[in-house]
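Student: I have a new structure to look at, and I would like to learn how to read it. Could we go through it together?

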Amino acid sequence: MGNSKSRGLRGSILEAIINETNAEYQSSGLSVIQKVPTPITPVEIDSTSRHITLAYFDKKSTVDYIGVVQGIPVCFDAKESASDTFPLQNIHKHQMQFMEDFEKQDGISFFILYFTQRDIYYYLRFEEAAGFWNRMLEGGRKSFRLEELDEEFFFSSENSIFLPYLEMLQKDLDRRKQG
């Protein structure tokens, strides 16, 4: 039971950095990106603090963030890994399906991965994620390693509160135009 409560904090630092970055991008007129709330049903509420202490998810969430960057629809999810291997079980089938459908509507889908031990970020293009996903579905590895990732899409935070992922989005757009 204690483990399920602690899982709620996982990713909250990454989420806070992304939220701060999104606020900065919006105030600069570069984008409007919103955190997608996860629908929950409270089961227990602490009567003194009025905080939810136990809840369950109403339905599967799609992605963490959705919005528009300079007229381009974008959606993305934020994930963390404590090692150099990223387990694909951290990405869900319904997320991949939503992102695929989003891409078919001329949107851009991606993941922001944070490798906590190395303190580095990675912009995982949907096309790249789909490649790893399909490899798993065909009986291959159920994870991917840091070494398998495209060096061009690693990036770092600035001042620990700003994550310049729009630079990676631009690289993604440039690559799509070339290919």
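Tutor: Gladly. Let us start with Glu-20, which counts as partly exposed because its relative accessibility is 41%. Buried means under 20% relative accessible area, exposed over 50%, and partly exposed in between (1.4 Å probe, protein chains only).

Student: Where does Glu-20 lie?

Tutor: Glu-20 lies in helix α2, residues 12–27. Helices (H or I, at least four residues) and strands (E, at least two) are DSSP runs, numbered from the N terminus. In space, Glu-20 is 6.6 Å from Ile-161, C-alpha to C-alpha, although 141 residues separate them in sequence.

Student: What should I know about the model itself?

Tutor: This is a predicted model, where local features need pLDDT of at least 70 and side-chain atom pairs count only at pLDDT 80 or more, while totals for chains, interfaces and linings use all residues. Residues are numbered from 1 along each chain as its sequence is written, and side-chain values use heavy atoms, with hydrogens and water left out.

Student: How many helices and strands are there in the protein chain?

Tutor: The protein chain has five helices and ten strands. Of its 179 residues, 37% count as buried.

Student: How do I read a pair of aromatic rings?

Tutor: A pair of aromatic rings is described by the distance of the centres and the angle of the planes. Rings of Phe, Tyr and Trp (its six-membered ring) pair if their centres lie within 6.5 Å; planes under 30 degrees apart count as stacked, over 60 as edge-to-face and the rest as tilted. This structure holds 14 aromatic pairs. One of them is stacked: Phe-76 with Phe-110, at 4.7 Å centre to centre and 10° between the planes.

Student: Why does that pair tie together parts that are 34 residues apart in sequence?

Tutor: Because Phe-76 lies in strand β5 (residues 72–81), whereas Phe-110 lies in strand β7 (residues 108–115). Phe-76 and Phe-110 are both buried.

Student: What about the rings of Tyr-114 and Tyr-121?

Tutor: Their centres are 4.4 Å apart and their planes at 15°, so Tyr-114 and Tyr-121 are stacked. Tyr-114 counts as buried at 14% relative accessibility, and Tyr-121 counts as buried at 2%.

Student: Which residues do ring pairs link into a cluster?

Tutor: The cluster consists of Tyr-25, Tyr-65, Phe-76, Phe-110, Tyr-123, Phe-153, Phe-162 and Tyr-165. Over the face of Tyr-65 lies Lys-35, at 5.6 Å from the ring centre. For such a call, NZ of Lys or CZ of Arg must be within 6 Å of the ring centre and within 35 degrees of the ring normal.
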